Amino acid sequence: MQITVTVNGAPTTRDVEPRLLLTHFLRDELRLTGTHWGCDTTNCGACVVRLDGVPVKSCTVLAVMADGAAVDTVEGLAHGAELDPVQEGFVTCHGLQCGFCTPGMLMTTRALLDREPDPSPATIREAISGQICRCTGYENIVRSVRWAAEKQHTAEVAP
Amino acid sequence: MTGVQDPSVQIHAAAETPRGYGSMKRKEDARFVRGRGQYVDDVVLPGMLHGAVLRSPVAHARLTAVDTSAAEAHPKVHAVITGETLAGLGLAWMPTLSQDTQAVLATDKVRFQGQEIAFVVADDKYAARDALDLIDVQYEPIDPVIDARRALDPGTPVVRDDQEGRTDNHIFDWSSGDATRTDAVFAEAEAADDQLVVAADVLYPRVHPAPLETCGAIADMDPVTGKLTLWTTTQAPHAHRTLYAIVAGLPEHKIRVVSPDIGGGFGNKVGIYPGYVCAIVGSIVTGRPVKWMEDRSENLMSTSFARDYHMRGEVAVTRDGRLRAVRVHVLADHGAFNATAQPTKFPAGFFGVFTGSYDLEAAHCTVTGVYTNKASGGVAYACSFRITEAVYLIERMVDVVAHDLGMDPAELRKRNLLRPDQFPYRSPTGWEYDSGDYLHTLEVALEKAGYPELRAEQADRRRRREAGERVDLMGIGLSFFTEAVGAGPRRTMDILGLGMADGAELRVHPTGKAVLRISVQSQGQGHETTFAQIAAAELGMSPDDIEVVHGDTDQTPFGLGTYGSRSTPVSGAATAIVARKVRERARIVASAMLEVSPDDLEWNDGRWQVVGDPEASRSLAEIAMAAHSNLELPDGVEGHLDATCVYNPPNLTYPCGAYVCVVDVDPGTGAVHIRRFVAVDDCGVRINPMIVEGQIHGGLADGVGMALMQGIAFDLDGNCLGGSMMDYLLPTALECPSWELGETVTPSPHHPIGAKGVGESATVGSPPAVVNAVIDALAPFGVRHADMPLTPAAVWSASRGRPLRTDLAIT
């Protein structure tokens with residue numbers, strides 16, 4: 001099937017098998033390997049991308065279901081050399097170790113801050129509860145997202 | 001979210017980089033947060049094909065036919081490899097890390113559910129999977145051996161009938177300590193009125209490390225040069241290279257193992273799995289690169305199980321709470337192939353440290369290993385070679401003793417912990433603990449937790465509950481652990497004959513920037529940062545000026561890799577020493593530059609200066625340029641500053657820690673909520689405290705998982721009941737509390753920088769704290785012990801006096 005997906009702002013047309021998973025479309029067809037694959041069963045969240053703004057697990061979405069939609073991946077998060085505040089937060093607060101869950105965590109928490117700019121630690125934990133990190137014990141991820149929220153807030157009130 | 005310009009948060013802000021030790025942002029994060037890490041599955045080689053493994057759906061059966069003709073006819077299939085194909089190459093079986101053999105692809109029987117039977121190579125991974133369905137396998141079922149406790153019963157089917165003359169499922173008996181002396185203390189304790197013997201059966205269930213990235217490889221055998229490049233998920237690239245040379249008969253200088261970014265290891269990526277070998281054979285057969293990445297179920301069902309220790313613990317103790325002796329018997333379920341990753345002379349790993357942190361008169365243990373129809377067990381899972389099991393046993397037993405004596409478990413520990421004046425301490429089982437101030441570490445933890453207040457709150461809750469009020473049960477659990485890490489002295493420790501020493505190479509370029517090459521392999525530990533800091537501290541440089549190279553056997557010195565918390569104790573020591581060698585070479589050059597004797601120079605903050613004359617000095621960068629110049633050097637002195645080193649540790653290092661866990665348990669559902677977790681770790685000198693704390697956080701989450709959720713059971717047909725993340729539950733942010741950390745620092749006296757290692761401390765120390773807290777909460781029900789994982793069902797059953805057996809699903 002021919003599909004057209006706007007990935008990180010750029011429309012892309014490809015001929016794909018109907019059974020192709022969105023995560024494989026991104027990784028294998030478009031070579032956007034920042035989106036990872038971890039579990040097959042929608043449990044781990046390493047594959048989270050935003051589909052028309054909503055975080056989804058791309059291992060459980062068919063590429064053809066994204067036809068006509070906008071898909072945003074970790075590769076589109078930074079603005080040139082300038083990192084998004086969640087990316088900065090993860091670096092500053094040691095919110096990652098092996099880095100494998102990180103792209104999914106970044107996409108989910110970016111979406112969280114878009115809808116709720118000042119989330120409590122409990123809200124952050126709930127937002128990432130569909131995702132597994134085997135390295136950090138989550139505490140520093142929570143701190144990273146709080147750091148990003150405060151950074152954004154400071155930037156908004158600054159003259 | 002855009003337009004933020006704050007120079008204080010630039011990733012590479014030099015002002016934030018310490019000269020040596022201290023928290024600094026990780027060098028590796030710049031790529032990871034941009035999705036620019038390079039994991040094995042991200043690598044694409046020209047002309048690359050894809051492999052998939054056909055696995056057995058049954059646990060024990062004779063293979064009577066494997067028909068691959070339909071799969072071979074698939075238009076996208078390039079090759080189908082079976083056990084028969086491999087047998088023709090002498091590769092159907094491979095050696096394990098424990099002097100056993102393991103089937104690469106089954107030839108005679110399948111011995112566990114998920115065992116590898118055939119390997120398909122196709123144009124893409126979807127086609128490879130399609131073709132698996134076209135392979136027709138005929139099985140002749142055999143009764144599986146699932147219950148480890150029945151594996152040695154007469155008449156039980158023999159799992160490993162491939163071994164000539166074998167008539168049972170017994171692998172080994174191993175013992176440690178002084179049996180006669182220990183038995184004598186126990187006899188005394190049994191006879192004396194003021195003493196008693198406390199016993200309990202304690203299971204450490206089978207668990208799986210489950211790193212988020214599964215295992216995989218890309219084999220690229222160049223048919224012209226004969227050189228094999230293997231991109232693979234390995235924690236030990238050099239050891240793997242040597243093993244491939246031995247297994248496949250390939251010349252070792254024609255093998256390059258590349259381990260790029262690794263998405264977590266935790267021991268899962270220590271061993272060599274059949275899929276790697278199949279990828280190599282696939283590349284040889286097709287003449288093209290072959291990628292194989294296992295899926296999650298393959299990972300959970302076929303690779304690297306850990307623990308599975310059925311332990312009987314006994315403690316001889318005086319009624320006033322003096323621990324005298326410990327006696328242990330372990331039944332170890334090693335699955336179908338004995339593939340445990342342990343130093344050769346330690347078939348039960350370092351379980352011999354089961355005397356823990358206590359001053360005992362005597363101790364003895366026996367371990368019996370058995371085969372069952374399960375995947376290879378006991379491989380590793382952040383366990384420091386079975387210290388996890390040892391610490392869990394002794395810390396659970398100490399709490400059982402406290403329960404039986406009616407004594408506070410903190411008080412019991414205080415009475416029996418080793419004292420600082422006993423170090424270096426020779427344990428009853430022969431281990432030499434290097435340093436520690438255990439009572440101080442425990443007191444810091446109790447103080448941080450507010451232990452007396454917690455006990456008061458618990459007493460109040462229990463009173464209210466007895467009065468008929470509906471309140472959750474509250475439990476407080478302690479653990480005090482001693483780890484033994486940094487394997488190890490090559491005299492006693494090797495893996496398949498390879499001594500456990502590690503190399504380091506340091507090159508200083510003419511402009512004073514340096515490249516450090518190390519043998520250990522990060523899977524998230526942040527080696528690129530920490531090791532740069534170690535070298536930088538020795539040379540008075542910025543860590544930003546040192547690039548760390550690892551994960552490529554063509555570019556790095558030989559060493560055994562990263563597991564058992566050995567990177568900092570072994571490779572970190574090598575790094576400090578190689579940097580000191582560079583510093584000494586620089587001294588000679590500086591002496592020529594300043595025209596003085598080397599003895600007249602002193603090292604001062606990155607410069608060699610003439611003693612007492614700060615004006616007469618040279619920086620390392622100046623010296624490096626001179627070392628590459630036409631400066632005349634003393635006779636016999638080579639130019640350049642580069643140095644190499646191999647570090648052979650004189651002893652293990654012994655980190656310790658005191659943990660306090662507070663839980664609330666719903667008596668109606670058995671659900672456990674972790675309210676607080678206080679962890680005070682003493683890992684000696686901390687190089688990058690931010691990274692150290694991150695390592696501890698991760699280990700604590702692991703402990704929560706193992707204590708409450710993880711655990712892979714089997715039904716009696718041998719079906720693995722933890723074969724996906726829907727069944728094998730890993731902790732999320734909701735199960736984990738906000739960790740409360742503290743520290744004490746007792747440097748290792750024999751390590752060049754006093755560091756002890758920390759990677760697995762929290763995984764070792766936290767499960768007993770959680771379990772002790774849950775059992776403490778259940779005290780009003782008279783519960784003395786229940787096995788992990790303490791799921792709501794397990795807790796509820798235990799509270800009703802019917803503790804569950806958690807290793808088997810018996811219906």
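This is a predicted model: local features need pLDDT of at least 70, side-chain atom pairs count only at pLDDT 80 or more; totals for chains, interfaces and linings use all residues.
## Overall form of chain A

Chain A contains five helices and five strands. Along the sequence they follow the order β-β-α-β-β-β-α-α-α-α. The radius of gyration of chain A is 16 Å, close to the 15 Å given by the globule rule for 159 residues, so chain A is as compact as a globular protein of that length. Taken along the principal axes, its C-alpha atoms fill a box of roughly 45 × 35 × 25 Å.

Of the 159 residues in chain A, 60% are buried.

Chain A is assigned two domains: domain 1 covers 2–76 and domain 2 covers 85–157. Their C-alpha centres lie 21 Å apart. The contact between them involves 13 residues of domain 1 of chain A and eleven residues of domain 2 of chain A.

On the domain 1 side, strand β3 (residues 48–51) of chain A gives the most, with three residues. By class, this side of domain 1 of chain A has seven nonpolar, five polar and one charged residues.

A:A122 is placed in helix α4 (residues 121–127) of chain A.

## The domains of chain B

The domain assignment divides chain B into three domains. Domain 1 takes in 43–142, 213–263 and 270–302, domain 2 takes in 306–487 and 651–809, and domain 3 takes in 501–647. Domains 1 and 2 of chain B are therefore each made from separate stretches of sequence, as their listed bounds show.

The C-alpha centres of domain 2 of chain B and domain 3 of chain B are 40 Å apart. Their contact takes 21 residues from domain 2 of chain B and 17 residues from domain 3 of chain B. The domain 2 side consists of ten nonpolar, eight polar and three charged residues.

## A helix with one buried face

Which residues of helix α10 (residues 409–416) of chain B are buried? They are B:P409, B:A410, B:L412, B:R413 and B:N416. Seen down the axis of α10(B), these buried residues fall within an arc of 160°, so they line one face of the helix. An α-helix has 3.6 residues a turn, so residues three or four places apart point the same way.

Several elements of chain B cover the buried residues of α10(B). They include the strands β16 (323–333) and β20 (473–482). The helices α9 (387–405), α11 (438–449), α12 (451–466) and α17 (761–777) are also among them.

## A buried arginine in chain B

B:R206 is found in strand β10 (residues 195–207) of chain B. A residue counts as buried if 20 or more other C-beta atoms lie within 10 Å of its own. B:R206 has 27 within that distance, so it is buried.

Leaving out residues up to four places away in sequence, B:R206 touches B:F305, B:R307, B:D308, B:G377, B:G711, B:I712 and B:D807. One of these, B:F305, is 99 residues from B:R206 in sequence, yet their C-alpha atoms are 6.5 Å apart in space.

## The largest nonpolar core

The largest nonpolar core has 306 residues. Those with the most contacts inside this core are B:L105, B:V120, B:A535, B:V660 and B:V774. Helix α14 (residues 567–594) of chain B supplies the largest share of the core, with twelve residues.

Neighbours within four places in sequence aside, B:V120 is in contact with B:G51, B:A52, B:A71, B:V77, B:V80, B:A128, B:A131 and B:L132.

## Where the chains meet

How many residues of each chain take part in the contact between chains A and B? The contact joins 48 residues of chain B to 47 residues of chain A. On the chain B side, α1 (29–32), α8 (296–302) and α16 (689–708) each supply at least two residues. The most comes from α16(B), which gives seven residues. By class, the chain B side divides into 23 nonpolar, 16 polar and nine charged residues.

Notes:
Residues are numbered from 1 along each chain as its sequence is written. Chains are lettered from A and ligands numbered from 1 in the order in which they are written. Two residues are in contact if their C-beta atoms, placed from the backbone, lie within 7 Å. Helices (H or I, at least four residues) and strands (E, at least two) are DSSP runs, numbered from the N terminus. Ala, Val, Leu, Ile, Met, Phe, Trp, Tyr, Cys and Pro count as nonpolar, Asp, Glu, Lys and Arg as charged, and the others, Gly among them, as polar. A residue is buried if 20 or more other C-beta atoms lie within 10 Å of its own, exposed if 12 or fewer, and partly exposed in between; C-beta atoms are placed from the backbone. The arc is that of the directions from the helix axis to the C-beta atoms. The radius of gyration is taken over C-alpha atoms; the globule rule is 2.2 Å times the number of residues to the power 0.38. A nonpolar core is a set of buried Ala, Val, Leu, Ile, Met, Phe, Trp, Tyr and Cys residues joined through C-beta atoms within 7 Å.
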